[in-house]
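Here are my notes for your review, as numbered points. Please read them beside the model.

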There are 2 protein chains.
Amino acid sequence: MTYKNSFREYLGKHGLKATRQREVILDAFLSAGSHLSTEELYRTIREKNPGIGYATVHRTLKLLAESGLAAQRHFGDGHTRYECSSEEQHHDHLICTVCGTIIEFENPGIERLQEQVAARHGFVIEQHRLEIYGRCAGCLVKKEKKQAI
Amino acid sequence: MTYKNSFREYLGKHGLKATRQREVILDAFLSAGSHLSTEELYRTIREKNPGIGYATVHRTLKLLAESGLAAQRHFGDGHTRYECSSEEQHHDHLICTVCGTIIEFENPGIERLQEQVAARHGFVIEQHRLEIYGRCAGCLVKKEKKQAI
DNA sequence: CATCTTGTTGAAAATGAAAATCATTTTTGT
DNA sequence: ACAAAAATGATTTTCATTTTCAACAAGATG
């Protein structure tokens with residue numbers, strides 16, 4: 001319930017209104033898996049709420065991102081994706097190029113080295129993005145089996 | 001001249017033809033600064049070659065990427081960018097969110113830690129992308145001046 | 001060199017995701 | 001409940017990218 005309340009709080013502070021649609025979209029966003037696109041969430045919501053329009057899903061996801069509840073991610077497929085970002089700290093992604101699985105990870109060592117690199121160039125970091133693309137354990141096994149045949 | 005030849009070689013091997021336009025576009029790509037978008041390269045080329053169309057620039061850049069001479073990059077601005085990738089090894093980017101300056105860097109330490117992270121999750125890395133966004137030295141100075149006034 | 005085949009070109013149209021528009025509806029404070 | 005302000009959802013617009021297609025050029029062949 002904390003999520004709903006913090007969204008309501010954000011809405012209130014910004015003179016925005018708590019509507020049924022926003023609640024439905026927030027619920028769907030929270031219960032669906034992470035890293036989903038507007039299109040995917042829209043389709044999920046449509047199943048139970050045929051009245052909610054694409055534009056509203058799009059706007060609400062942007063709102064969630066602005067409020068800090070969601071984080072936008074851009075992977076390579078041309079779709080903006082959103083993940084729950086609430087209290088968690090920054091994390092990066094391992095992405096399987098075969099099955100599309102996305103794994104989150106954190107690595108303070110990498111972050112520290114990034115700071116060093118930035119400092120060396122006189123940069124002050126605002127944010128960063130690290131994506132590692134490769135084959136996940138499962139897909140590596142499948143590949144071996146395929147070759148064995 | 002090596003670049004031109006290796007592009008010609010690629011074209012030949014794939015049953016494609018070496019045309020005047022492709023030569024012009026390759027030349028422009030090589031002599032222009034790195035990290036340019038199709039639009040930017042198109043405009044540069046137009047100055048001396050008004051006859052070359054946007055679609056041709058776009059197709060040729062894709063060809064260059066396929067041939068390995070260019071590498072596609074996606075930063076946050078919604079434009080696909082291309083950089084010369086020839087013999088250089090992998091590198092990452094520092095991007096100034098104020099002036100748009102892009103600085104390349106390499107950091108073996110970060111790469112090593114990435115390998116560790118991947119191994120921990122059973123991944124085999126194919127490629128990765130690290131972008132650090134922040135304010136460059138120049139823009140930090142400007143900001144200070146602004147505040148001083 | 002002429003001819004033929006095949007790939008290429010450039011203008012224009014199509015595509016697709018994201019964002020904007022606008023008449024109507026809903027929420028909220030009084 | 002009422003008025004003011006914001007939200008909704010269907011549709012349109014935007015913008016980068018990609019495709020289409022008729023005319024053209026490159027390279028092979030006779």
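In which sense do strand S4 (residues 92-96) of chain B and strand S5 (residues 102-105) of chain B pair, and over how many bridges? Point 2 takes this up.

1. Basis. This is a predicted model; local features need pLDDT of at least 70, side-chain atom pairs count only at pLDDT 80 or more, and totals for chains, interfaces and linings use all residues. Residues are numbered from 1 along each chain as its sequence is written, chains are lettered from A and ligands numbered from 1 in the order in which they are written, and side-chain values use heavy atoms, without hydrogens and water.

2. S4(B) and S5(B) pair in the antiparallel sense, over 4 bridges. Two strands count as paired if DSSP finds at least two bridges between them. Helices (H or I, at least four residues) and strands (E, at least two) are DSSP runs, numbered from the N terminus. B:Ile95 stands opposite B:Ile102 in S5(B). The hairpin has 5 residues between the strands. There, B:Gly100 takes a positive phi near 85 degrees.

3. The sheet of chain A. 3 strands form an open, antiparallel sheet in the order S1-S3-S2. Strand S1 (36-37) and strand S2 (70-74) of chain A stand at the edges, each with a single partner strand, so one side of each has no neighbour in the sheet. S1(A) pairs with strand S3 (residues 80-84) of chain A over 2 bridges, in the antiparallel sense. A:Leu36 has A:Tyr82 in S3(A) as its bridge partner.

4. Domains of chain A. The assignment gives domain 1 (2-84) and domain 2 (92-148). These bounds come from an automatic or database domain assignment. The two centres, taken over C-alpha atoms, are 26 Å apart. In contact (heavy atoms within 4.5 Å) are 7 residues of domain 1 of chain A and 7 residues of domain 2 of chain A.

5. The domain interface. About 550 Å² is buried between domain 1 of chain A and domain 2 of chain A, with 54% from carbon and sulfur atoms. Buried area is the accessible area (1.4 Å probe) that two parts lose on being put together, summed over both. By class, the domain 1 side has 1 nonpolar, 4 polar and 2 charged residues. Ala, Val, Leu, Ile, Met, Phe, Trp, Tyr, Cys and Pro count as nonpolar, Asp, Glu, Lys and Arg as charged, and the others, Gly among them, as polar.

6. The chain interface. How many residues of chain B are in contact with chain A? The count is 35, against 35 residues of chain A. The two chains bury about 3,000 Å² between them, 64% of it on carbon and sulfur atoms. B:Phe123, B:Glu126 and B:Arg129 supply 23% of the area that chain B buries against chain A, more than any other three residues.

7. Salt bridges. The rule asks for a side-chain nitrogen of Lys or Arg within 4 Å of a carboxyl oxygen of Asp or Glu. Between chain B and chain A the count is 4. A:Glu131 forms a salt bridge with B:Arg129, with the closest N and O atoms 2.9 Å apart. Across the interface of domain 1 of chain A and domain 2 of chain A, the rule finds 0.

8. Strand S6 (residues 124-135) of chain A and S6(B) run antiparallel, joined by 11 bridges. A:Val124 stands opposite B:Arg135 in S6(B).
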